[in-house]
Every structure is written in structure tokens, then in C-alpha cells.
Amino acid sequence: MTTLLLLSNNLMFLPRIQQAAGSKVTVIRVSDLDRLHQLIEEGGIDIVVADLEYDQDFWSEALKIFHESEHLNPKVMAYGPHENTEAMENARSLGCDPVLAKGAFVNNLKSILTNQTIES
């Protein structure tokens with residue numbers, strides 16, 4: 001079973017990600033650092049998806065944890081508004097690949113998650 005960690009507080013988007021991910025992927029949404037640290041201690045995070053529309057201080061700090069850790073090695077990606085190039089560059093600098101405009105992420109969600117789970 002693959003575990004996808006969604007860095008977001010968007011409850012409306014969560015079901016779309018769960019549906020696209022399918023039954024072989026457990027999707028866990030996290031929106032605060034305390035919960036993130038708890039999940040990291042539990043282990044088994046395969047994919048991290050950062051919602052760049054959420055609190056930049058939170059997702060930046062969360063991505064730094066994954067980027068700087070030697071023992072954590074999930075696939076890390078991000079999506080956000082295409083006009084927010086600063087946030088997209090920040091996400092790239094913190095190890096996100098791919099970093100997609102939200103529309104591209106939504107339109108290709110199933111194939112993106114399928115490719116990431118196959119590569120895991």
C-alpha cells in the first residue's frame with residue numbers, strides 16, 4: 001500500500017485526490033507541523049503533494065523537512081496557481097518535481113498519481 005501525504009487544508013479537493021489515487025493509495029491530509037511530525041515518526045510516507053494555495057510557511061517548512069532529511073525519501077510534488085511563480089520556484093528549490101499549475105494537476109491527476117505509485 002502506498003501512502004500519499006497531502007499538505008493542505010482543502011477538504012473539497014481531498015475526495016478528487018482520493019478517487020484519482022485509487023484503492024492502492026492511502027491519502028492523508030495534514031495541515032499543521034505537529035501532525036506532520038507524528039506522521040513522519042509513524043513512517044511509510046511514499047508521496048508528498050504540496051498545495052501551494054495553502055499557508056506558505058507551513059508547506060515550505062514541511063518540504064524543508066523532507067528535502068533536508070537523509071532518512072526520508074518520498075516522491076515530492078506540488079501544485080498551485082500558475083500565476084504564483086514565486087511559490088512554484090520555492091517548491092522546486094525544496095525538491096518538488098513536478099511542480100504543476102493547479103489546472104494541469106487536476107486534469108492529469110490520475111496519470112500523475114499512477115506514475116508516482118508505479119515508480120515508488
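Tutor: Let us go through some labels and set each value against its definition.

Tutor: This is a predicted model, so local features need pLDDT of at least 70 and side-chain atom pairs count only at pLDDT 80 or more, while totals for chains, interfaces and linings use all residues. Residues are numbered from 1 along each chain as its sequence is written, and side-chain values use heavy atoms, with hydrogens and water left out.

Student: Why is S60 called buried?

Tutor: Buried means under 20% relative accessible area, exposed means over 50%, and partly exposed is in between (1.4 Å probe, protein chains only). S60 has a relative accessible area of 9%, so S60 is buried.

Student: Where does S60 lie, and what is S60 in contact with beyond its neighbours within four places in sequence?

Tutor: S60 lies in helix α3; helices (H or I, at least four residues) and strands (E, at least two) are DSSP runs, numbered from the N terminus. Leaving those neighbours aside, S60 is in contact with N90 and L94, where contact means heavy atoms within 4.5 Å.

Student: What makes E53 and K102 a salt bridge?

Tutor: The term needs a side-chain nitrogen of Lys or Arg within 4 Å of a carboxyl oxygen of Asp or Glu. In this pair the closest N and O atoms are 3.0 Å apart, so E53 and K102 meet the definition.

Student: How many salt bridges does a search of the whole structure find?

Tutor: Two. R92 and E89 also meet in one, at 2.9 Å from N to O. R92 and E89 are three residues apart in helix α4, which means they are separated by about one helical turn.

Student: How do you know that the buried residues of α4 are on the same side?

Tutor: In α4, A87, M88 and A91 are buried. They cover an arc of only 100° around the axis, which puts them on the same side of α4; the arc is that of the directions from the helix axis to the C-beta atoms. On the other side of α4, T85 and E86 are exposed. What covers the buried residues includes α3, β4 and β5.

Student: What is a nonpolar core, and which residues touch the most other members of the largest one?

Tutor: A nonpolar core is a set of buried Ala, Val, Leu, Ile, Met, Phe, Trp, Tyr and Cys residues joined through side-chain atoms within 4.5 Å. The largest has 26 residues, and L5, L7, L36, L52 and L63 touch the most other members. Its largest share, six residues, comes from α3.

Student: What kind of peptide bond joins D97 and P98?

Tutor: A cis peptide bond, with omega about 15°. P98 is found in the loop between α4 and β5 (99-101).
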